[in-house]
Amino acid sequence: MKIATLELSNNVFLAPMAGVTDKPFRDECVLQGAGLVYSEMVSAKGLAYQNKNTRKLLAAGDYPCAVQLFGSDPEVMAAQAASPELADFALIDINMGCPARKITGNCEGSALMLDPERAYAVIKEVAAATEKPVTVKIRAGYDDGHKNALQIALLAQKAGAAAVTVHGRTKEQGYSGIADRELIGQVAHALSIPVIGNGDITDGPSALDMLNRGCAAVMIGRAAQGDPWIFARVLAYLNGERYTPPTLDEKKAVIIRHAQSLYALKGEAGMCQMRRHLCSYTRGMKGAAALRAQMNSLTSPEDVLRILERF
């Protein structure tokens with residue numbers, strides 16, 4: 001799998017997710033086989049003003065990782081794409097898919113799809129400002145009356161994007177309903193650059209279906225929360241190989257390592273975030289509800305170990 005000059009080991013990617021895809025979580029997904037991982041979305045304005053919280057999102061790893069920028073000012077976006085602070089990232093991804101009101105209210109994220117001229121200018125300026133491959137993540141459209149993914153994807157290609165990711169839901173859908181795979185397929189067949197299919201990829205068959213519609217790669221989002229092993233399962237299915245699920249001890253080791261990495265990066269604030277991850281890791285397991293009642297006391301990796309041993 002290649003995106004411009006960037007060579008990747010496979011075509012099963014981790015989606016950018018705010019509050020989830022920081023370096024500790026990306027590390028675990030890469031260990032399970034993810035071919036490309038994305039950072040949490042990073043504000044171009046926040047970088048420009050050297051916001052401390054924004055800069056904390058820029059921890060990269062020694063593997064192919066994309067940094068996802070959001071913003072609507074072409075000049076600011078271009079300047080930050082060229083910033084030395086992003087030197088450790090393999091490519092720049094432009095967020096045109098976030099449905100959150102605090103983002104779209106500033107004409108950023110998926111709101112840019114309502115302004116094709118500005119969207120084109122942002123992509124063109126960013127692509128001209130950096131030698132790194134530039135990709136764009138979009139949705140099916142803003143709402144059912146503005147399903148213009150194909151138009152925006154073609155503009156992205158014209159502006160110099162090296163690949164386009166399409167989430168098959170509109171902004172108004174958020175994460176409800178079913179992703180429109182037919183529309184994603186239309187975009188994939190219309191573009192000469194790689195199209196990455198996103199939305200409802202939960203296992204091998206759903207990944208294969210997306211690839212069979214013409215996508216060059218698939219991107220896994222919510223299904224990876226609490227389940228970094230999904231990448232190994234999907235890759236095994238696509239390659240016709242046997243998959244051996246992790247034992248409980250192996251799962252515990254991953255959770256503890258994740259907690260230790262979060263604590264090293266963020267301190268006690270990382271443990272607050274680990275509570276959410278623990279809910280995901282133990283979802284559907286016997287006794288998980290009782291476990292959640294103990295999570296508010298987490299302040300260190302040792303607390304995580306103690307709770308898991310009891311669990």
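**Entry 1: α1 against α11**

I began with a helix pair: Pro-24, Phe-25, Glu-28 and Leu-31 of α1 meet Val-254, Arg-257, His-258, Ser-261, Leu-262 and Leu-265 of α11. Meeting, or contact, means heavy atoms within 4.5 Å. I sorted the residues of this contact into six nonpolar, two polar and two charged. For that sorting, Ala, Val, Leu, Ile, Met, Phe, Trp, Tyr, Cys and Pro count as nonpolar, Asp, Glu, Lys and Arg as charged, and the others, Gly among them, as polar. α1 and α11 pack at an angle of about 145°, and their axes are 8 Å apart.

A note to myself on the model: it is a predicted one, in which local features need pLDDT of at least 70 and side-chain atom pairs count only at pLDDT 80 or more, while totals for chains, interfaces and linings use all residues. Residues are numbered from 1 along each chain as its sequence is written, and side-chain values use heavy atoms, with hydrogens and water left out.

Helices (H or I, at least four residues) and strands (E, at least two) are DSSP runs, numbered from the N terminus. Axes are lines fitted to C-alpha atoms, for helices over the stretch in contact, and angles run from 0 to 180 degrees between N-to-C directions.

**Entry 2: α12 and its partners**

Next I followed α11 (residues 248–266) to α12, where the axes are 8 Å apart at an angle of about 155°. The two helices are therefore roughly antiparallel, a label for angles over 145 degrees, whereas roughly parallel is for those under 35. Among the α11 residues in this contact are Val-254, His-258 and Leu-262, and the α12 side includes Met-271, Met-274 and Leu-278. I found 10 nonpolar, four polar and two charged residues in the contact of α11 with α12.

Then I turned to α14: α12 (residues 268–281) packs against α14 (residues 301–310) at about 25°, with axes 10 Å apart. That makes α12 roughly parallel to α14. Here Met-271, Met-274 and Leu-278 of α12 meet Pro-301, Val-304 and Leu-308 of α14. The residues of this contact are six nonpolar, no polar and no charged.

I looked at α4 (residues 74–81), whose buried residues are Pro-74, Met-77, Ala-78, Gln-80 and Ala-81. Buried means under 20% relative accessible area (1.4 Å probe, protein chains only). Their cover includes α2, β5, β6 and α6. Asp-73 caps the N-terminal end of α4, with a side-chain oxygen 2.9 Å from the backbone nitrogen of Glu-75.

At the start of α8, I saw a side-chain oxygen of Asp-180 come within 3.2 Å of the backbone nitrogen of Glu-182. The buried residues of α8 (residues 181–190) are Arg-181, Leu-183, Ile-184, Gly-185, Val-187 and Ala-188.

**Entry 3: Two loop residues**

Is Leu-112 buried or exposed? Leu-112 counts as buried, at 1% relative accessibility. This residue lies in the loop between α5 and α6, and Leu-112 touches residues including Gly-71, Asn-95, Cys-107 and Arg-118.

Gln-32 sits in the loop between α1 and β4. At 19% relative accessibility, Gln-32 counts as buried. Leaving out residues up to four places away in sequence, I found that Gln-32 touches Pro-228, Trp-229, Phe-231 and Ala-232.

Methods: Parallel < 35°, antiparallel > 145°, perpendicular 65-115°, else oblique. Buried < 20%, exposed > 50% of the residue type's maximum accessible area, 1.4 Å probe, protein only. Polar contact = N/O pair within 3.5 Å; in protein donor to acceptor, adjacent residues only side chain to side chain.
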